[in-house]
Amino acid sequence: MVIRVSEIPKEGLKFEGLEAFPEPFQDRAWRLEAVELAVDKDGDVVFVHGLCRSRVPQVCSRCLEPYEATVDANVDTRLVPSPAVRGEERELGRDDLETDVYEHDQIDLNALLETETALGLSMKPLCSEGCGGICPTCGANRNAARAAAGIPWSTAIRARIAPAFGKSPAVNAS
């Protein structure tokens, strides 16, 4: 949803519910579950405050299994018009680190929701805090199967991929 800054009324805009954001993310696998945003304007400075809850497919960094992460993002953004002159240098103030820019009198709230959701994702996604990961010996997912102690990694991998090539897996524990 794109809004024009010049059309934001004095009392601001409020968005509650998913109706205003039918397809907020570029990746259709990401799902917006709840959203509540308030957009206010002070001159040419725009403030967007609120909350959004999203579900995003992830892959666990320990066991490599897919899972869905829930992201509860607090939206608290200050937007100012893009500077007319690119490349001019100036020292950043404290508030500048929490400031974004808009161009052509437009703000894309979908892009803002996607950014806030992406920032809320874990840098090391885990399906659970207690995830056992993958057995370094046999390659089994420690959460789903008991690791076969004593079987070398290469043998275990061959056993897992051999059926894909129409071969019978020959697993030797030696």
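**Note on salt bridges, sheet and cysteines**

1. D105 is partly exposed, with a relative accessible area of 22%. (Buried means under 20% relative accessible area, exposed over 50%, partly exposed in between; 1.4 Å probe, protein chains only.) The model is predicted: local features need pLDDT of at least 70, side-chain atom pairs count only at pLDDT 80 or more, and totals for chains, interfaces and linings use all residues. Residues are numbered from 1 along each chain as its sequence is written, and side-chain values use heavy atoms, leaving out hydrogens and water.

2. D105 forms a salt bridge with R4; their closest N and O atoms are 3.7 Å apart. The partners come from distant parts of the chain, 101 residues apart: D105 lies in the loop between β6 and β7 (106-108), R4 in strand β1 (residues 2-4). (A salt bridge is a side-chain nitrogen of Lys or Arg within 4 Å of a carboxyl oxygen of Asp or Glu; helices, H or I with at least four residues, and strands, E with at least two, are DSSP runs numbered from the N terminus.) R4 is partly exposed, at 35% relative accessible area.

3. The structure holds eight salt bridges in total. R31, E33, R55 and E68 are linked in a network of them. Within it, the side chains of E33 and R31 meet at 3.7 Å, N to O. R55 also bridges to E33, with closest N and O atoms 3.7 Å apart. That pair links distant parts of the chain: R55 sits in strand β4 (residues 45-59), E33 in strand β3 (residues 31-42), 22 residues apart. E33 is partly exposed at 34% relative accessibility. R31 is partly exposed at 36%.

4. Five strands make an open sheet, in the order β2-β3-β4-β5-β6, with mixed pairing. β2 (13-16) and β6 stand at the edges; each has a single partner strand, so one side of each lacks a neighbour in the sheet. Neighbouring strands are turned by 30° against each other on average, direction ignored. (Two strands pair if DSSP finds at least two bridges between them; axes are lines fitted to C-alpha atoms, for helices over the stretch in contact, with angles from 0 to 180 degrees between N-to-C directions.)

5. β5 and β6 run parallel and are joined by four bridges. P81 stands opposite Y102 in β6. Helix α1 (residues 109-119) packs on the sheet and touches β2, β3, β4 and β5. The direction of α1 makes about 125° with that of β5. (Contact means heavy atoms within 4.5 Å.)

6. S82 is found in the loop between β5 (66-81) and β6 (99-102). S82 is buried, at 19% relative accessible area. Not counting residues up to four places away in sequence, S82 touches V101, Y102 and E103. The side chain of S82 makes a polar contact with the side chain of E103, at 3.5 Å. (A polar contact is a pair of N or O atoms within 3.5 Å; within protein, one must be able to donate a hydrogen and the other to accept it, and residues adjacent in sequence count only if both atoms are side-chain atoms.)

7. The disulfide count is zero. (A disulfide is a pair of cysteine sulfur atoms within 2.5 Å.) For C63, the closest cysteine sulfur is in C60, 3.7 Å away, which is too far for a bond. C63 is buried, at 4% relative accessibility. C135 is buried too, with a relative accessible area of 6%.
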